[in-house]
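Please keep the sequence and the structure in view while reading.

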Amino acid sequence: MKKILMTDTTLCGENVAAMSFREKLEIAKLLDKMNVDCIDFGKIKNVKTDPLLISTIAPLLSHSTLCISVGFDEQDVLLASRALAGVSNARLALCVPVSTVGMEYTCHKKPSAMLEAVEAQIRYCRSVMDQVEFCAIDATRSEPEFLNEILEVAVKAGATHITLCDNAGRMLPGEAAQFTINTLSALPSRDKISVSVSFPDNIQMSVACSVAALSAGADGVKTAVGSNDCSDIYPLSEIVRDRGETLEMYCALNTTDLRRCIRQIEQITRPTAEATGAATTGVSVSSEDISLDKNDDCVSVARAVRKLGYDLNPEDEVHVYEAFVRVAEKKTVNARELEAIIASTALQVPPTYQLVSYLTTSGNTTSSSAHIQLEKNGKRLEGITIGDGPIDAAFMAIEQIIGHHYDLDDFQIQSVTQGHEAMGNALVRLRNGGKIYSGNGISTDIIGASIRAYLNALNKIVYEEAAE
């Protein structure tokens, strides 16, 4: 079976410019968790902040290659290579138009001059980077003979990857397949380079065209989260997962983390995406996305649990369903309520860490701090930290005690009862090794409820690790 290479272009979107440094960093980390083969950062636009962002992102990536786009300007290559200095899994991509109109109006070059410029720039890129991609923009509207010629020039000059782009966005799957076959048949050194395709979703055919091109011999595809500029990564991954054996292909995407990561990326991009009119993938889960009642059976409940991103064993699925039945007798159960059921019933374990005491301080003139005392096997342990608010400080103090950081997948607070001394319920979801562990805590003190919820989730992780 052939491995399909997934390149994500989410960080190239127009709405990314409005995002903060931290949001862009978080998106890159989530894409790496998804096991995307390559993260396309696009072109360096801000010479002050973009190189810093790139040099910050690169060391954090454990799976994905980081790709920076360049044009014919040598300064582009210098900036990108300096930002990627010392990074082993890095790539430069020369992205230029190859259609007659694009070459003349964008690059102001005739075909002969374009060939010379591409050859020189690919050689230059290869002199500073081991991986070099030639991205043929508007390839489907290029003259076939010229397209074959410029691809041959790029390969001989040292390109290790080729991307064929359909910027018109009007192709049907059969046309995409035939275009791929025709182009690959004329490509030299086919066995030494990888060839990807990119189809925009102008007529809602990008995923179908991508699958057709992959079946016709392409090695990879450019994807994105919440963008019409290329194929939506979620439905494409579902097709490869469910029909991969028939299509004789597979990909390295982490399907356990995929929905959760996409959901988080959408939460980051949605405000700016709505402002710019960009599309979303529609896989985010809200209270309205899940609605279960007493007529739903255990299979329906288990399906909803998986939709939320949990991977429970059969015994825990039974416990969750039994608790669901009791609640569903009185009301309809939405996503948030189902998560509370999971937190309170799934994988209930003896507590390894027990809360002894906690003290937090906060105010508008002082930093928030937390002093936590826990007990483990009869031994008192304590941590003292400063954080961004008392709850953040408390969580960091616990991490200081246990000597480990777990990704905080979700944190929710809601009132359980009414009145001045209302009970507060906290839900914490920690991620470890691709699995979600949820904890629940109830107290009249919301900080105490949050600490208990964190410890509840932590104890589940510790218990399961000890059992392995």
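Q354 belongs to strand 13 (residues 354–361); strands are DSSP runs of E with at least two residues, helices are runs of H or I with at least four, and both are numbered from the N terminus. The relative accessible area of Q354 is 42%, which makes Q354 partly exposed (buried means under 20%, exposed over 50%, partly exposed in between, with a 1.4 Å probe and protein chains only). Leaving aside residues up to four places away in sequence, Q354 touches Q373, L374 and E375, where contact means heavy atoms within 4.5 Å. A C-alpha separation of 9.2 Å is found between Q354 and N456, 102 residues apart along the chain.

The model is predicted: local features need pLDDT of at least 70 and side-chain atom pairs pLDDT 80 or more, whereas totals for chains, interfaces and linings use all residues. Residues are numbered from 1 along each chain as its sequence is written, and side-chain values use heavy atoms, without hydrogens and water.

The residues of helix 12 fall into these groups:

| Group in helix 12 | Residues |
|---|---|
| Buried | D316, V320, A323, F324, A328 |
| Exposed, on the face turned away from the buried side | P314, E315, R326 |

Viewed down the axis of helix 12, the buried residues fall within an arc of 135°, so they line one face of the helix; the arc is taken from the directions from the helix axis to the C-beta atoms.

In helix 7, P173, A176, A177 and T180 meet A208, C209, A212 and A213 of helix 8.
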